[in-house]
Amino acid sequence: MTYDVVVVGAGAAGLMCALTAGYAGRRVLVVDHANKAGKKILMSGGGRCNFTNLATTPKHFTSANPSFCISALKRYRPEHFVELVERHGVEYVEKTPGQLFCATSAKEIVALLLTECEWAGVTVQLKTRIDRVERQGEGMRLVTSSGKVEAGAVVVASGGLSIPSMGASGFGYDIARQFGIEVMPTRPGLVPFTLSDPWKTRAAELSGLSLPVAVSCQGKRFEEPLLFTHRGLSGPAMLQISSAWQPGESLEIDLLPGESVFEQLCLARRETPKRQLATWLGERFPKRLAQALLGWYPEPNLAGGTLAECSNATLQAWAERLNQWQIKPAGTEGWRTAEVTLGGVDTDAISSRTFEVKALPQLRFIGEVLDVTGELGGYNFQWAWASGVACGSSI
Ligand code: FDA
């Protein structure tokens, strides 16, 4: 069989690229080894798919080459995808400012993409293994479990390594290396942290409790909720900072962002000296956490526990614990639960306009397989759509 374009990967980027190329009159085949298209879309956003973020700018992405994403993101903006969603009558809600989710189900986004592919004349072939990709004259040849396919161009949209049970594989990295393209070291991103004891047990005791915090690491700072889990720390704040964190580093967590604990405690001691420290904590934190804090940091010198008994040094110590809580994760939950892959195909080898390999234009890479990773909040899908359109419209 011969096609103008063969896209490997029926995920967000692959389907978007395929339908764009199809509408441009190309004969397009999408192949995927999974039994369903868009599995990650289906599981995204808790089944509601946070399909874009209206505030998307390049600063929401991490890459060894931070300017690589600018061109595609500028040309295909969140409003373009919203327009597509509206055209298909998919209802959506803005949960947190800028973050758009399906009102009903992520299935509607997959249905939208597959419908557009059908209208654009794209063939989608699932349950197909790709055994080899080779250069063939000016084009490419693929050897698949259902036979040989010749193509003017091959687009690798096989995603990253997260959630192997959903079909993730290192296919794209292997193809890149086969053609002499560097692959930046990969690691899980947007992933919960694990802790070792005693913090693991302490977190487990608070499992399910969530509170707003500000977390910092490696010059990055996020103000979002933290969630205690049975194995450590999760919630948007932890997922976000996990992409900046390196093994062995500590996180600094401000449990009362926007409040100077030392100043507030000094004021409280002056104005209400008989008030207990426990009461002060109980006014600011959920009861379970306030009690846990007192257990983690017992104050042997406070017989009655009143603020009047607290020395400046004691108040300073509490200020550090609450405004600059230092915690060193044991690790992360890894690929099993990570939402994205940091690192990937080196963008220096790729054109930021067309996504073709500069040294081999009949081969292209788009989406998460590239060394471009978005923050939490719909940015990763926006990258998938934008890179898919940039590639599909220029192929
Ligand atoms: P994607 O992974 O979507 O698709 C790759 C395709 O290639 C898959 O269909 C796979 O089966 C196929 N494939 C892989 N290896 C192959 C091989 N060897 N042969 C053939 N086919 C192969 N982002 C966001 O913006 N908002 C959100 O709400 C969420 N939520 C979310 C939740 C969870 C649990 C996860 C794991 C991830 C998210 N994400 C997200 C991230 C988002 O899902 C991700 O960035 C995009 O799906 C990436 O799109 P791609 O098309 O690049 O890869």
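**Getting to know this predicted model**

Me: By class, how many residues of the shell around the ligand are charged?
Reply: Welcome to this structure, which is a predicted model. By class, the shell around the ligand holds 15 nonpolar and 15 polar residues. The charged residues in this shell number five.

Me: How many residues surround the ligand, and which are the closest?
Reply: The shell around the ligand is made of 35 residues. Its closest members are Gly9, Gly11, Gly159, Gly167 and Gly367.

Me: Which element gives the largest share of the shell around the ligand?
Reply: Helix H1 (12–23), helix H2 (39–43) and helix H13 (379–392) are the elements that give two or more residues to this shell. The largest share is four residues, and it comes from H13.

Me: How many helices and strands are in the protein chain?
Reply: Let us step back to the whole chain. It has 395 residues, of which 45% count as buried. Its C-alpha atoms fill a box of roughly 85 × 40 × 35 Å along the principal axes. The count of elements in the protein chain is 13 helices and 22 strands.

Me: What distance separates the centres of domain 1 and domain 2?
Reply: The domain assignment gives domain 1 as 2–188 + 338–392, and domain 2 as 192–332. Taken over C-alpha atoms, their centres are separated by 40 Å.

Me: How many residues of domain 2 are in contact with domain 1?
Reply: On the side of domain 1 that touches domain 2, there are three nonpolar, two polar and two charged residues. Domain 1 brings seven residues to this contact, and the number from domain 2 is five.

Me: Which residues does Val6 touch, not counting residues up to four places away in sequence?
Reply: Val6 is one of the residues with the most contacts inside the largest nonpolar core. Not counting residues up to four places away in sequence, Val6 touches Leu29, Val31, Leu142, Val149, Ala151 and Val154.

Me: How many residues are in the second, separate core?
Reply: Among the members of this second core are Val215, Cys217, Ala244 and Ile253. The number of residues in this separate core is 35.

Me: Is Lys148 buried, exposed or partly exposed?
Reply: Lys148 is found in strand S10 (residues 147–156). Leaving aside its neighbours within four places in sequence, Lys148 is in contact with Arg141 and Val143. A residue needs 20 or more other C-beta atoms within 10 Å to be buried, and 12 or fewer make it exposed. Lys148 has 14 such atoms, so it is partly exposed.

Me: Which residue stands opposite Leu227?
Reply: S14 also pairs with strand S15 (residues 232–234), in the antiparallel sense over two bridges. A hairpin of three residues joins S14 to S15. The residue in S15 that stands opposite Leu227 is Ser234.

Technical notes: Residues numbered from 1 in each chain as written. Predicted model: local features only at pLDDT ≥ 70, side-chain atom pairs only at ≥ 80, totals over all residues. Near = placed C-beta within 6 Å. Nonpolar A, V, L, I, M, F, W, Y, C, P; charged D, E, K, R; others polar. Domains from an automatic or database assignment. Contact = placed C-beta atoms within 7 Å. Core = buried A, V, L, I, M, F, W, Y, C linked by C-beta atoms within 7 Å. Pairing = 2+ DSSP bridges.
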